[in-house]
Amino acid sequence: MKSYYADLHIHIGRTEAGQAVKISAANNLTFYNIAREASERKGMDIVGIIDCHSPGVQQEMLHYLDTGEMEELEGGGIRYHQSTIMLGSEIEVRDPGLGTAHLLAYLPRLADMQSFTEWMQRHMKNVQLSSQRIYVTARELQQEVLDRGGLLIPAHIFTPHKSVYGSCSTRMEHLLNLDGIAAVELGLSADSEMAGYISELDRYTFLTNSDAHSLPKIGREYNKLQLASPTFEEFRRALAGEDGRKVLANYGLNPRLGKYHRTYCADCGSITEEQSSIVERCSYCGHAKIVRGVMDRILSIADRDVPWVPESRPPYYYQVPLEYIPGLGPKLFARLIERFGSEMNLLHRTSFEEIAEVAGETIADYVIRAREGRLELEVGGGGKYGKVKG
């Protein structure tokens, strides 16, 4: 068994031919560029690209498989140099009487994803684009994924917009068959302890992923997996905790850095009291456009007074991305990557002395304190991320 770093929620902005995929994502977020960034700079062993249902993206995948630059693994997934790509799709659902939610579907092979695309395009207005609404029930979508040997994982489950608990319902059982869920993705504004307020989640493996909309954002949240090899089938077994395969750790933003951590007014942007769950109008401008923060939403739907985290739950480490470090600009970051090989090496394997040789003691101190969870933070909210205090 070996340990592998995995970020399983990365968007494609456009195809190499210029076709839009994820409108809000960077244009240089192509299938190939994601694979190269993960392998050469991030040091990410496994990446989930969640726009692989797009026909334009599939054409590029076929090209790189035909040229031999990438290869499809027998256990599922596509290999590029040091990284395995898991083929995923993010889909929006809205069942009658419920709000919208995003679900992640992962399938073993390109042929499985192509079959899934053929089915989806009969129930979707534009299958070329990312995160589109599908006009079937969530359970019907779930069954289509499972019938193809896939994994169904609710995305960023607590965010105020388009998530199971944040905007869809108070319980996941209202939307999905609970036995057909492989894991849940916490999202950037929640951690394991916060999720522990809801007993429905006790049975599930938690994942922390970046939801990257640009290349630098890859790996801002990620997981450490214990696998025999980096393949889809091993990933499936890890989520189920089978035969020693498992999630060893979640690395995520401190929820206080998340842009939806605190309740805020969508009209004037003011942040309300952090754990108030009864705010109906902004105390600054009086407007009723209140976006309830993740912590407040969890407390309002909780079925426990105090959170419970099972002993079997892997540790959740607060990981401050390097881009948040004051004074660590692109040129210095490039020198660090050139010296230490990858971002994962820099975050986990280099010493204070080694970093200080390249970047100075101030930056080295920030990186080590970030590694140990000792940085002081300014809280996020109002749609803006928090930040590290300088």
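This is a predicted model: local features need pLDDT of at least 70, side-chain atom pairs count only at pLDDT 80 or more; totals for chains, interfaces and linings use all residues.
Hi everyone. Let me start with a term: a residue is called buried when its relative accessible area is under 20%.

Cysteines to begin with. C52 has 0% relative accessibility, so C52 counts as buried. C168 comes out at 8%, and therefore C168 is buried too. And how many disulfides are there? The count is zero, taking a disulfide to be two cysteine sulfur atoms within 2.5 Å.

Now, the helices. A packed pair is described by the angle between the two axes and by the distance between those axes.

Take α2, residues 55-67, and α3, residues 110-120: their axes lie 11 Å apart, at an angle of about 160°. That is why we call α2 and α3 roughly antiparallel. Their crossing is left-handed. If you want to find the contact, look for P55, Q58, M61, L62 and L65 on the α2 side, with L110, M113, Q114 and T117 on the α3 side. Sorted by class, that contact holds six nonpolar residues, three polar and no charged ones.

On to α9, residues 330-340, and α11, residues 352-359. Here the angle is about 130°, and the axes are 10 Å apart. So α9 is oblique to α11. The crossing of α9 with α11 is right-handed. From α9, the contact uses L332, R335, L336, R339 and F340; from α11, E354, I355, E357, V358 and A359. And which classes do we find there? Six of the residues in this α9 and α11 contact are nonpolar, four are charged, and none is polar.

Technical notes:
Residues are numbered from 1 along each chain as its sequence is written. Side-chain values use heavy atoms; hydrogens and water are left out. Axes are lines fitted to C-alpha atoms, for helices over the stretch in contact, and angles run from 0 to 180 degrees between N-to-C directions. Helices (H or I, at least four residues) and strands (E, at least two) are DSSP runs, numbered from the N terminus. Angles under 35 degrees count as roughly parallel, over 145 as roughly antiparallel, 65 to 115 as roughly perpendicular and the rest as oblique. A crossing is left-handed if the near helix is turned anticlockwise from the far one by less than a right angle, and right-handed if clockwise. Contact means heavy atoms within 4.5 Å. Ala, Val, Leu, Ile, Met, Phe, Trp, Tyr, Cys and Pro count as nonpolar, Asp, Glu, Lys and Arg as charged, and the others, Gly among them, as polar. Buried means under 20% relative accessible area, exposed over 50%, partly exposed in between (1.4 Å probe, protein chains only).
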